[in-house]
Amino acid sequence: MTRIFGLLALLCLLTTPVLAQGGPSAAPTSSVDVHTLPPVGGTTKPVAFDPVKATNAYLAQVRGTARANSDSYFEGGYVLLVVDALYALVVSAILLWSKLSAGIRDFAAARTRSRFWQVPIYAGAYIVVTTVLTLPLTIYESYFREKSYGLMNMSFAGWFGQFVISFGLTLLAGMVLLTLLYVAIRRVPRTWWIWGAAITIAFAAFAALIEPVFIAPLYNTYTALPESKLKSDILSVARANGIPATNVYVDDASKQSDRISANVSGLFNTTRITLNDNLLHKGTHDEVLAVLGHEMGHYVLDHIIVSLIEFGIVILVGFAFASWGYRILTNLFGGSWGVRAIDDPAGLPVLVALATVFLFVMTPVTNTIIRTAEIQADMFGINAVRKPDAFATVVLKLSNYRKLEPGPWEEAIFYDHPSGRTRVWEMMRWKAEHLNDPDIKAGPVSPQ
């Protein structure tokens, strides 16, 4: 660019007429009109808009029974967080103090002398036993409680059929992961926790890679979204942000629940844009775009990779805690449990109990990691799609299972997504800074 300006200057010098020789002449004069320049952004005065009032007005639209049910459902989750942890500890205690875990290990040892193959035999039996022991709580939480709040559309038979699929996947994945974990324990008993964490993280990355193509279709039917302006707009936003997707899919989630959802899932060539039919049928064109803009944010901001790193650190610390705690507990009670060294599969309930305690204590940390990524995706989505009011109204549609207005500490500890108030405020704050943008001027008027 500098060379172009230099060439232009040289051309100007060469083409300027040479003044005739002689005395100086009078300089030409002309009148100059003076005008006041308009303010930057145009002459239109800012529209009166209070983002706080708009936020409050949006949230006030959910009231009465709907608000009470939302609060009750979400706050019940706080109790279940404690109940789930205690229940898991009780199950581990039963397996250890009854020496059932030691008995399963002995059963596996009687089947084969190979220590490698003893682990998947033990792991398979362990997963079956713990699934049976936790089944009453699972049925209550996943079926009857959801049904009582109007969030479950399946019959019990339909729910149980999908539970069987989940159990099969858990059984297969658990046997593979635990076998690899105990290989690491036998090979490097002093630093096994480092290798165990690495194996777990790699396993999680592999699951993220195959989930959209191989796992999700086991639960739902996926069809291409018909050609429409909505599909064209979704793909346009995707292309503009470098997302390698050429189609948009819809899954039949309404057969399971009334929850609205969407995602941009997968890694590399398995990337897929999906929305469920609840969002398609309950959301407006702009609401669907707002949700997909958020989901695209997760992809563009590499949240899968970032989350693997952040949770990888948590997992590493958790494995270190488990290694430390295992030595202490087995030194105290190993004889009563029939549990030997760290490479004894019968000690798995000890590791599970320690992991339960660790993850319970780390709940505010893990929730904050997820919530931070969600806020970042919100910000990406609003800048990519520019639909603040549509995002605000779709947040209200999520309130049937997410409490809208928690206290600050409540949100910090228990929320893995921003609260409804936080998200609506984000949108109204953004709108306040873009009031004079043509598309925002032409958009809907926020309540005040």
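## Helices α4 and α5

Angles under 35 degrees count as roughly parallel and those over 145 as roughly antiparallel, while 65 to 115 is roughly perpendicular and the rest are oblique. With that in hand, let's walk through this structure, which is a predicted model. Helix α4 (residues 100-111) and helix α5 (residues 115-148) cross at roughly 140°, and their axes come within 8 Å. These two helices are therefore oblique to each other. The crossing of α4 past α5 is right-handed.

Which residues make this contact? On the α4 side they are Leu100, Ser101, Ile104, Arg105, Phe107, Ala108, Ala109 and Arg111, and on the α5 side Gln118, Ile121, Tyr122, Ala125 and Val129. Sorted by class, the contact of α4 with α5 has nine nonpolar, two polar and two charged residues.

## From α5 to α6

The axes of α5 and α6 come within 8 Å, crossing at roughly 145°. Here too you will find a right-handed crossing. The contact of α5 with α6 counts 18 nonpolar residues, along with seven polar and two charged.

## α6 against α7

Helix α6 (residues 156-187) also packs with helix α7 (residues 192-215), at an angle of about 155° and with the axes 9 Å apart. How are these two oriented relative to each other? Angles over 145 degrees count as roughly antiparallel, and α6 and α7 are therefore roughly antiparallel to each other. As α6 passes α7, the crossing is right-handed.

If you are looking at the side chains here, α6 brings Leu169, Ala173, Val176, Leu177, Leu180, Leu181, Ala184 and Ile185. They meet Trp192, Trp195, Gly196, Ile199, Thr200, Phe203 and Ile215 of α7. The class count for the contact of α6 with α7 is 13 nonpolar and two polar residues, with no charged ones.

## The four-stranded sheet

Now for the strands. Four of them form an open sheet in the order β1-β2-β4-β3, with mixed pairing. Why is one side of β1 and of β3 left without a neighbour in the sheet? Both β1 (222-224) and β3 (262-265) stand at the edges and have a single partner strand each, so one side of each has no neighbour there. On average, and ignoring direction, neighbouring strands of this sheet are turned by 30° against each other.

Let's cross the sheet strand by strand. β1 runs antiparallel to strand β2 (residues 248-251), joined by three bridges, and Tyr222 has Asp251 in β2 as its bridge partner. β2 then pairs with β4 in the parallel sense over four bridges, with Val250 opposite Leu275 in β4. Finally, β3 and strand β4 (residues 272-276) are antiparallel, again over four bridges. Leu275 in β4 turns up here as well, standing opposite Ala262. Helix α10 (residues 285-300) packs on the sheet, where α10 touches β3 and β4 and its direction makes about 30° with that of β3.

Technical notes
Residues are numbered from 1 along each chain as its sequence is written. This is a predicted model: local features need pLDDT of at least 70, side-chain atom pairs count only at pLDDT 80 or more; totals for chains, interfaces and linings use all residues. Side-chain values use heavy atoms; hydrogens and water are left out. Axes are lines fitted to C-alpha atoms, for helices over the stretch in contact, and angles run from 0 to 180 degrees between N-to-C directions. A crossing is left-handed if the near helix is turned anticlockwise from the far one by less than a right angle, and right-handed if clockwise. Contact means heavy atoms within 4.5 Å. Ala, Val, Leu, Ile, Met, Phe, Trp, Tyr, Cys and Pro count as nonpolar, Asp, Glu, Lys and Arg as charged, and the others, Gly among them, as polar. Two strands pair if DSSP finds at least two bridges between them.
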